[in-house]
Amino acid sequence: NWTMENFIDTEINRIRKLVGPTAEVIGAVSGGVDSTVASKLMTEAIGDRFHAILVDNGVLRLNEAANVKKTLVEGLGINLMVVDASEEFLSKLKGVTDPEKKRKIIGNTFIHVFEREAEKIKPKDGKEIQFLLQGTLYPDVIESISFKGPSQTIKTHHNVGGLLENMKLKLIEPLRELFKDEVRHLGELLGIPHDLVWRHPFPGPGIAIRVLGEVTKEQVEIARKADNIYIEEIKKAGLYNQISQAFACLLPVKSVGVMGDQRTYDQVIALRAIETTDFMTADWFPFEHSFLKKVASRIVNEVDGVARVTYDITSKPPATVEWE
Ligand code: XMP
């Protein structure tokens, strides 16, 4: 009979057979549940012959790269290399305001950086790395999730096709028969921290699509700090698990305010929180007014450059979850 415990053993054996006694595997991790569960499973199967790479693209959340490193390396024993490519991503994003262009730049730069770093990993037997790990889930297999954009661009998992072709890698997808709730269950069994297992989804282009307009280091920093305060308060209020996704957006608009006896003229943060089962339709989350009041006051007081906070009360449709 099928149980998750049996699945772990079966899958570990399948991976060992597939990879063989000497070959090496690489895979990108994001700090999300899918890539972490897939990486942990791979580590259980072949240890340090699995090489995880986290690309810091400069648009991750506050302290994200350091936090992921701590959890994956110290907590889970995963052989992880963190690559700080933030300057490279940010310089490519300079002057770009179109959301789809941002996505394309981030996707292409990611492939470029990943390939370059993978080159540096030299297997002990002198052969090339042969396999690429992907945290593909069953719903990704049966239906490609489409995102917005003029041509309804189809979600390609970190454009893995390019990597497979250019690097002549074979694909390993240990989660391809599982649904999200099963991956979470598997994650708990594999000892992955509860907070990580139940994390809200975070888009590949990250904060770049939550800083509306041009993405600069300074703008990312403001969006990050506001987002961090918002999520901290959501967790403190015990609401995190009732919400499907929540984040702060930084709008390219200035607004007048007053702090002490000083007139201010700074930017606007828009808060978003939604409830959904499939992300195709979504409702905004009905926070208590006192909660919104607290978050707004903390953000304006603690984050330099923000004069005003608004809460997004638009459902999907007609709005999308993200602002870009
Ligand atoms: P939208 O904005 O299309 O978002 O209503 C639905 C879900 O998809 C996520 N999203 C993305 N995820 N790359 C990703 O990996 C993207 O370019 C992207 N755009 C949107 C969004 O965060 C939400 O969970």
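Leaving aside neighbours within four places in sequence, T276 is in contact (heavy atoms within 4.5 Å) with S244, T281 and A282. The model is predicted, so local features need pLDDT of at least 70 and side-chain atom pairs count only at pLDDT 80 or more, while totals for chains, interfaces and linings use all residues. Residues are numbered from 1 along each chain as its sequence is written, and side-chain values use heavy atoms, with hydrogens and water left out.

T276 itself sits in the loop between β7 (262-275) and β8 (283-284). With 17% relative accessibility, T276 counts as buried (under 20% relative accessible area, with a 1.4 Å probe and protein chains only). A polar atom of the T276 side chain lies 2.6 Å from the backbone oxygen of T281.

Turning to strand β2 (residues 50-56), H51 is found here, and its 13% relative accessibility makes H51 buried as well. Not counting residues up to four places away in sequence, H51 touches E24, V25, I26, G27, N79 and I121. With one of these, E24, the link is a polar contact between side chains at 2.6 Å (a pair of N or O atoms within 3.5 Å, one able to donate a hydrogen and the other to accept it; residues adjacent in sequence count only if both atoms are side-chain atoms).

The C-alpha atoms of H51 and D34 are separated by 16 Å. D34 belongs to the contact between two helices, made by V33, D34, V37 and L41 of α2 and K180, V183, L186 and G187 of α8.

Notes:
Helices (H or I, at least four residues) and strands (E, at least two) are DSSP runs, numbered from the N terminus. Buried means under 20% relative accessible area, exposed over 50%, partly exposed in between (1.4 Å probe, protein chains only).
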